[in-house]
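Dear colleague,

I am passing on the structure below, and my notes on what was found in it come after.

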Amino acid sequence: MTTPTATPPRGPAAARVPRGRDVVLDLIRSGAIALVVVQHWLMPVITRDGDALVAGNALSAPGAWAWTWVGQVMPLVFFASGAAAAISWARTRAKGGDAACWLVGRLHRLVLPVAALVVVWLPLPVALLALGVPGQPLHLAASTVPQLLWFLVVQLILVALTPLTVALHRRFGLAVLVPLVLGAAAVDALRFAGVPLVGYVNAILVWVAVHQVGVAYADGRFVGLGRRGAALVGVAGLAATAALVGLGPYPASMIGMPGAPVSNMSPPTLCLVTLAIAQLGALFALKPALVRFATWRPVERGLAVLAPRTMTVFLWHMSALVAGVGVLTLGFGSHTPDPFGPLWLGGAPLWIGGLLVVLVVLVRVFGSLETRSTRAGRRSASPVAVYAGLVLAAAGMLGLAARGFAPHVDAGLLVVAEPAAWSALVAAGYLLATRAVPARLTALRGAPRSSARPARA
């Protein structure tokens with residue numbers, strides 16, 4: 001999805017509508033998703049024990065944690081989504097649109113591509129079991145693929161909060177970050193003091209904080225920062241992250257590791273906020289070079305293809321991985337070489353190339369759902385139905401992320417009731433949120449807000 005360029009604040013806040021296209025946002029979002037894909041393809045260390053597969057993580061190797069300070073790019077993804085959402089919301093407001101109709105368009109893009117994943121993966125485990133695929137590897141695959149849906153759950157929450165976060169930014173500016181950061185620190189303190197479940201509150205506070213930085217970027221808040229100022233911000237973020245790891249109970253790895261007692265990612269910790277500051281400071285300092293790179297003809301063409309399909313790529317890249325692992329381990333009896341060894345390094349390009357072919361096929365098949373959703377028309381929408389549908393869709397995705405698509409055996413019969421129930425919640429939420437308000441009800445409550453004059457500050 002292309003995004004307009006953020007411009008410095010001029011005139012009434014409600015009338016600021018960025019123009020043009022911010023190629024840096026396109027580059028950050030597309031590049032971050034591409035890096036996530038490559039890392040996910042390289043991280044699994046698969047060994048076979050009879051018909052069972054054992055999965056490890058290549059980044060658990062000694063010293064590999066250092067890469068996670070660069071490779072943990074989810075803060076950049078949420079930053080870019082915050083900027084894009086703020087820009088889109090500003091354009092909608094300038095045309096007199098309301099939050100409900102705007103959310104319908106965002107829900108089309110976020111939820112509709114999930115439908116294809118559900119349609120394929122809900123019956124697939126049953127079919128593969130019938131074909132004789134061993135149960136344990138199949139259960140591992142069907143549990144792994146939907147874990148990525150946690151990202152869309154957070155995205156749905158952030159999208160729903162965007163009108164509020166934009167309004168708070170107009171009122172308080174960057175001061176909005178103060179209670180979010182302090183709240184995240186307090187949650188971490190309680191979590192490490194022996195109240196582990198409270199840590200999941202940071203799934204909101206941490207990602208809203210990073211999202212809010214994107215809102216500020218869309219408002220042109222960092223235009224005057226300059227390369228030196230941006231570099232200093234990056235160094236400060238890096239120093240803060242190092243201090244948290246060195247002095248506090250935070251682990252050095254910025255992703256979750258198998259068997260680790262504490263994770264910086266699940267649930268997220270304050271480290272991801274300071275890491276985001278470090279990464280964004282570096283990117284802002286390099287912005288002129290990034291603009292030149294993004295406007296280089298081959299990169300520009302690549303972004304034109306990838307940017308409108310990032311959600312499809314994200315949703316299906318684990319299916320490509322599962323297919324590749326299944327062929328090598330179950331088909332040929334192979335296993336992952338020692339991570340970062342000569343055989344592993346030499347085979348990595350071939351491995352990535354093979355999975356890329358599978359992913360390209362999947363994106364060609366299912367990518368039209370995402371590109372079609374970006375063109376979805378804004379219709380009259382009921383705010384109650386939109387927000388209720390959003391909650392249902394988020395609950396269904398969260399259930400699938402936690403429980404997976406794998407069926408279970410009860411009294412000798414395969415039962416798919418649980419994944420089917422979560423999938424039904426997603427479908428019901430989408431249909432409820434995106435249905436148009438009947439014309440007679442629209443007439444009763446007056447003309448659609450899309451015909452209203454732009455709001456004045």
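A residue is called buried under 20% relative accessible area, exposed over 50% and partly exposed in between (1.4 Å probe, protein chains only). This is a predicted model, in which local features need pLDDT of at least 70 and side-chain atom pairs count only at pLDDT 80 or more, while totals for chains, interfaces and linings use all residues. Residues are numbered from 1 along each chain as its sequence is written, and side-chain values use heavy atoms, with hydrogens and water left out.

Asparagine 264 is buried, with a relative accessible area of 0%, and sits in the loop between helix H10 (226–247) and helix H11 (270–285), helices being DSSP runs of H or I with at least four residues, numbered from the N terminus. Its side chain makes a polar contact of 2.8 Å with the side chain of threonine 269, and a polar atom of that asparagine 264 side chain also lies 2.8 Å from the backbone oxygen of proline 251; a polar contact is a pair of N or O atoms within 3.5 Å, where within protein one must be able to donate a hydrogen and the other to accept it, and residues adjacent in sequence count only if both atoms are side-chain atoms.

Phenylalanine 172, in helix H7 (residues 149–172), is partly exposed, at 48% relative accessible area.

Best regards

Key
Helix = DSSP H or I, 4+ residues; strand = E, 2+ residues; numbered from the N terminus.
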